[in-house]
Amino acid sequence: MAAAIALSRRGRGLSTPNPNVGCIIVRDGHIVGRGWTQKGGRPHAEAQALEQALDRAHGACCYVTLEPCFHLSPRGPRCADLLARAGVARVVIALRDPDPRTDGQGAAWLRERGIAVDMGLMAEDAARAMAGFVLGQTLGRPHVTLKLALSLDGQIALADGSSRWITGSQARAHAHMERARHDAILIGGGTLRADAPRLDVRIAGLEERSPRRILLSRGEAPDGWERISAPGDISTLDRVDHLLVEGGAATAAAFLRAGLVDRLMLYRAPILVGAGLAGVGDIGLTDLSEAHGRWRLIDERRLGVDGLEVYEAVRTA
């Protein structure tokens, strides 16, 4: 299942409006089929894995990160039906599909046809990998990552606004990989005016995965950009499951105040700036005790001389 979840991450930023699912088919201890949801949502992971496995899928075990779809679609067959027709003996599912068109029906339909079904293996990890889809189904909005490149003392630029470059080349390359894994990227009007950023993916071979550009502003958006006037408007963005917020300090604070940041990515450079520009503005905190227990560290690594810390928001409900 861990391998299937890793495959599912390949579809992030590409599979919308469908979830980025991963699938592995195993027979006699050997992997005979692999798949993940392709660009634009088709083919589904199961269909791709079955096409690779062919007749070796008969009697095999299928590991899939999301319950196989059960609803009819003009875009392709139901995955539950495909698995049953292929004659798989067992289906191991990480996460029950929150989409009411499936929501347990796919698993039940497979069981009715004599296929052993297990559900819940590594469900939390699968949900994290498909966070945009899950939040879209449960809260009606994209999954939001706030990315900050900071000095050790929490600054994003010198006092005059100079910010190139806080972090080194390896950290910047990693940040571009993150862009490629998101459907859209958002900045505020101040950052647009100060930096005129391209917000594209500058990694050879991945240029076409540059995300849509969103501007948080009450003014007009430039050509090639989309505009929202408030953080809560992210729920109106069409076909955006994963949103990356990159700047600046006021925009970061606005999303944090609204409780709309699900993941924090902090790139820290081993430098001190002193009297510069802080990475985050006022988030409305009045009592220091309220700041504790809101974030959980889920990953950290070295990127050349820089460090990366990834935090996940702790939700109480």
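Analyst: Helix α3 passes helix α4 in a right-handed crossing; a crossing is right-handed if the near helix is turned clockwise from the far one by less than a right angle. Helices (H or I, at least four residues) and strands (E, at least two) are DSSP runs, numbered from the N terminus. This is a predicted model, in which local features need pLDDT of at least 70, side-chain atom pairs count only at pLDDT 80 or more, and totals for chains, interfaces and linings use all residues. Residues are numbered from 1 along each chain as its sequence is written, and side-chain values use heavy atoms, with hydrogens and water left out.

User: At what angle do α3 and α4 pack?

Analyst: Axes are lines fitted to C-alpha atoms, for helices over the stretch in contact, and angles run from 0 to 180 degrees between N-to-C directions. Here α3 (residues 79-86) and α4 (residues 105-112) pack at about 20°, with axes 9 Å apart. The two are therefore roughly parallel (angles under 35 degrees).

User: Which residues make the contact of α3 with α4?

Analyst: Contact means heavy atoms within 4.5 Å. A80, D81, L83 and A84 of α3 meet G106, W109 and L110 of α4.

Note on methods. Parallel < 35°, antiparallel > 145°, perpendicular 65-115°, else oblique.
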